[in-house]
Protein chains: 2
Amino acid sequence: MKAEIICVGTEILMGNIVNTNAAYIAEGLAGLGISCFYQSVVGDNDSRLGEVFKEAAGRADVVILSGGLGPTEDDLTKETVAKAMGQELVLDDKAWKQIQKFFEKRNLKLTDNNKKQAYVPRGAKVLYNKNGTAPGIIAINDNVTAILLPGPPGELIPMWDDQVAPYLRSLSGESFYSEMVKICGSGESFVETDLKDLIDAQDNPTIATYAKTGEVHVRVTARGASEKEAHKLVKPVVKEIKKRFGSKIFTTDENVTLEASVMQLLNENKLTLATAESLTGGMFTSRLISVPGASEVIKFGFITYSNKSKRKYLGVKRSTIDKYGAVSEQCAKEMAKGCAAVTKADAAVALTGIAGPDGGTDEKPVGLTYIGVSVLGKIKVKKYLFSGEREKIRESAAAAALTLLRQCLLESLTERTFSVK
Amino acid sequence: MKAEIICVGTEILMGNIVNTNAAYIAEGLAGLGISCFYQSVVGDNDSRLGEVFKEAAGRADVVILSGGLGPTEDDLTKETVAKAMGQELVLDDKAWKQIQKFFEKRNLKLTDNNKKQAYVPRGAKVLYNKNGTAPGIIAINDNVTAILLPGPPGELIPMWDDQVAPYLRSLSGESFYSEMVKICGSGESFVETDLKDLIDAQDNPTIATYAKTGEVHVRVTARGASEKEAHKLVKPVVKEIKKRFGSKIFTTDENVTLEASVMQLLNENKLTLATAESLTGGMFTSRLISVPGASEVIKFGFITYSNKSKRKYLGVKRSTIDKYGAVSEQCAKEMAKGCAAVTKADAAVALTGIAGPDGGTDEKPVGLTYIGVSVLGKIKVKKYLFSGEREKIRESAAAAALTLLRQCLLESLTERTFSVK
C-alpha cells in the first residue's frame, strides 16, 4: 500500500510554522509499513490544491491531507477534494450537533461559517473531533482513499492515533518491521564504507544511514507476510552490523538517545557524575539532564568559562594555564581531576576548547578541543579539532564528550569485571 | 519571480526528522519577496526526484533543493538534477582541495566516496562550504535556476544567509526591503490581536508573525522600485509596532538573538553574571555562552540539580527545602541570592522547576517553574507553568529566564539613570 501526504496552508508555505504534521503522519505511516514516497505542501488555493491532489491520487492508494478544514472561506480542502473525487457534500447531523455543543459549552456565538464544517462528502466515514470543531473525513472512490485531517496538531494527533491509524492498520495486507542501530564515534562515510557490501546487496531488508552530530543511525527495514516474518529478515542483518561495529553501537532502540544510553550505564553501575564545562558552557550537562531521572546520577555541574573560575572551583594550577594555556591537555586533565575531587563523584567530564569565531591561532585554531574524563580515578584526555561555526563546534564537542565518557565507562567496567574474576 | 522548494531525504519521508530546512528556506524566500506556491519532499531516488524536479522546474523560475549531497551512494541529488538539466558533472578543484583539507585537518582518512562531493555541473556557481564537505551549487540553464544545498541545517543555514540570499536578491528585478521586529514576553495570539488592524489592512508592506519558544518575530516586508522606496514603506509600520510593544521588543536586527541582546545589555553596562540551574541543567547558560565574547560577562555557572548541591554550593537553607520544597518561590530566591553572593557577580539567575514526566503533583504539576533574578542586590522571583514534554518545558524555562533577566536589567538601569539624575 502506498500513501502520500499533502499539507495545506499558507503558514507552512511562508515558513511561519514548521511542518510537524507531515513528520507525525510520516512516522505513523512508516510504523504501519505503508510506503510514502512523496510529501507536498500547497496553499489554500483551489486550482493548485486540486492539481496536487489529482497527481497524488494517481500515484498512491491513500492520500492524507491536513489543514484547510476551518470555518473561513479560505479553507477549501474539503470542497476541492470532494470535487476532484466527484462527490457531493452533504450535512452530517452528528458533526453539526457536536459543533453546536462545542460552542455552547464555551459560551461562544455560532456564525454561519461554522455550519460549513459539518458538511462531508456523501458516503464518507466521519472522524468526529473531540478537540476542535472540524471533523476529519475518510472519503473513498474507485481510485483512491482520501483522509482529511484538521491542521492544528492538538486535533490531528489524537485523531490520527485513535481513528486513522487503526483504520489504516485494518487496510494494510503486508507487514513491516524495522530496527535502528545507533553508532557513535564513527563518521557517516566510514559507516557506509564498512557496510558497503551489505548496502550494495540490499533489497529486503533495506539499509539506510542517517548522519547526526557525533552519531550515525542505521535503519534496517524488511517487509513480509507477517511482522514475525519481517523481523526474521531483519535479525541477521542487524547481527552482522553489530559484529562490525561492536561497542560503538550504543543502542538498537529507536527511542534511546546517546545521552540516555550513557545515563543508563552510569545508573546501572551506581556511578555518580560531575561535570566541568568551559567551551560548551552547560550544553553537555543539559543533554544529560534531558534524560528523566538525571538527579540520581548528576552530582553537580560547574560552568567554568573563565580561567579564574577554573582555578577557583576546580583547582587548576595557575602555572598550568600560564605554561600550556586553558585549552590544553594539561588543563583538561586538571579540570577533570579537580571536578571529581571536589564533588567526590565517581566520574567527571571536563571540556575546554576554542569555539570561535575569535581566539584561534595557527597553533591553536578555532575548533581545537580537549575533553578529559575521569572514571574511578583513572583519567583520559583526548584532543579534537571540530569544524563549523561556534554553535556547531560546541554541539560536536558535547556529542564527543558523551562518546568519550561512554568509552571510558565501558573500559572501566570491563576492567572491574576482569579484576573480580 | 517564483520559487519552489524540494527537500530530499528518506529521513524526512519516514518522519525521522522534522523538515526545518523547508521552513527556513520558505521564510527566507518570503523575506526576499519571492513567491513560493509548492514545497515537496522526495526520497533519494533518481526517477522520483527527477520527476518532481522537472515538474517544479516547469512551474518555477528557481528550484531550491536541500539534501542528498553527501558522500554516500544514496546521495544523488546532484547527479539527478544535472541529468535533468542536461549538464555534465566535472571536478571542481577548489572544492576537492577544501574536502582534502577538511579531512587532513582532522587527521581523518579520505575514502573514494568523498571525491564524489567535489563534482559539480559544468559552469555552475559553486557555494563553498565552511561547515562541512558538500559544496552547494547554483546551476542555470535556459529554463530554470537550480540551487542545491546540503541537508544538515548547520551547513544549510550559513550557506543560505551568506551566499544564496544575496544571490537571489541580486536576481530579483523588483526591490524588497524587510525588517524584523523581535518581541519577547508576549504570546503569538496576543501579538496578533494587538496587530490585527495592521495585519487586516496589509497589502504593501505585508506583516507576518512567527512564533518561537518564548519569542514572537514580526516581519514587515515591502516592495518598491528601489530598496530605498521599499524601506520608506516599511518604516512607519515598524514605528507603529515599536510604539505598541515598547520594551518588549528586544531587537530589530534579524541576526540578533534574545541571548545576544541580553549579553549586550550586560556588556554595555559592565555587569557580570552568574547562573544557578536546576531544571534547565546548563541549557540557559549554554544559550548565553553561544554568544561570542561571553567570557567577559559570565563569571560562573552552577548546575545544582540535586537538593544537596543547592545547599552546599548556593547556601539554600535545609529548612527552606523542607518547608517549601526545591521548586518554590523561596528556594528560587535563595538560589539567586546565594549564587550572586558566592560568585560576587553583579547579576544572578536561578531556575528551579519540574520538567517531568514524573514528579508532578496536583499542587505542584509538571511544568511548574520558579525563576529568580538578582540584579545589584535586588531580587525578583516569577512563577511560571509551562506546558509540553520535558524538553519543551526546559526550553521554555530557559527562554523565560532570558526575558526575565532582560526585564530586571532594564528596570535596574532605568532606576540607576533616574538616581543619577
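**A sheet and its surroundings**

Modeller: Let's start with one pair of residues: A:Lys212 has its bridge partner in E11(A), and that partner is A:Glu215. Please keep in mind that this is a predicted model.

Now step back to the whole sheet. It is an open sheet of 4 strands in chain A, in the order E10-E11-E9-E12, and the pairing is antiparallel. Which strands stand at the edges? They are strand E10 (206-212) and strand E12 (249-251) of chain A; each has a single partner strand, so one side of each is left without a neighbour in the sheet. The strands are also turned against each other: between neighbours the average is 30 degrees, with direction ignored. Helix H10 (residues 227-245) of chain A packs on this sheet, where it touches E10, E11, E12 and strand E9 (175-184) of chain A. The direction of H10 makes about 15 degrees with that of E9(A).

For contrast, have a look at some parallel pairing. Strand E1 (residues 2-8) of chain A pairs with E3(A) in the parallel sense over 5 bridges, and A:Glu4 stands opposite A:Val63 in E3(A). E3(A) also runs parallel to strand E8 (residues 145-149) of chain A, again with 5 bridges; there, A:Leu65 has A:Leu148 in E8(A) as its bridge partner. Is strand E3 (residues 62-66) of chain A enclosed or open? The strand is largely enclosed by the rest of the structure, because 5 of its 5 residues are buried. A:Val62, A:Ile64 and A:Ser66 point one way from E3(A), while A:Val63 and A:Leu65 point the other way, and all are buried.

Strands can pair across chains too. Strand E2 (residues 35-42) of chain A and strand E2 (residues 35-42) of chain B run antiparallel and are joined by 5 bridges. One example is A:Gln39, whose bridge partner in E2(B) is B:Val41. The contact between the chains takes 62 residues from chain A and 68 residues from chain B. On the side of chain B that touches chain A, there are 28 nonpolar, 27 polar and 13 charged residues.

Finally, zoom in on a residue of chain B. B:Ile6 is found in strand E1 (residues 2-8) of that chain. Why does B:Ile6 count as buried? It has 26 other C-beta atoms within 10 Å, and 20 or more is the cut-off for being buried. Leaving out residues up to four places away in sequence, B:Ile6 touches several others, including B:Val42, B:Phe53, B:Val63 and B:Leu65.

Conventions
Residues are numbered from 1 along each chain as its sequence is written. Chains are lettered from A and ligands numbered from 1 in the order in which they are written. This is a predicted model: local features need pLDDT of at least 70, side-chain atom pairs count only at pLDDT 80 or more; totals for chains, interfaces and linings use all residues. Helices (H or I, at least four residues) and strands (E, at least two) are DSSP runs, numbered from the N terminus. A residue is buried if 20 or more other C-beta atoms lie within 10 Å of its own, exposed if 12 or fewer, and partly exposed in between; C-beta atoms are placed from the backbone. Two residues are in contact if their C-beta atoms, placed from the backbone, lie within 7 Å. Ala, Val, Leu, Ile, Met, Phe, Trp, Tyr, Cys and Pro count as nonpolar, Asp, Glu, Lys and Arg as charged, and the others, Gly among them, as polar. Two strands pair if DSSP finds at least two bridges between them. Axes are lines fitted to C-alpha atoms, for helices over the stretch in contact, and angles run from 0 to 180 degrees between N-to-C directions.
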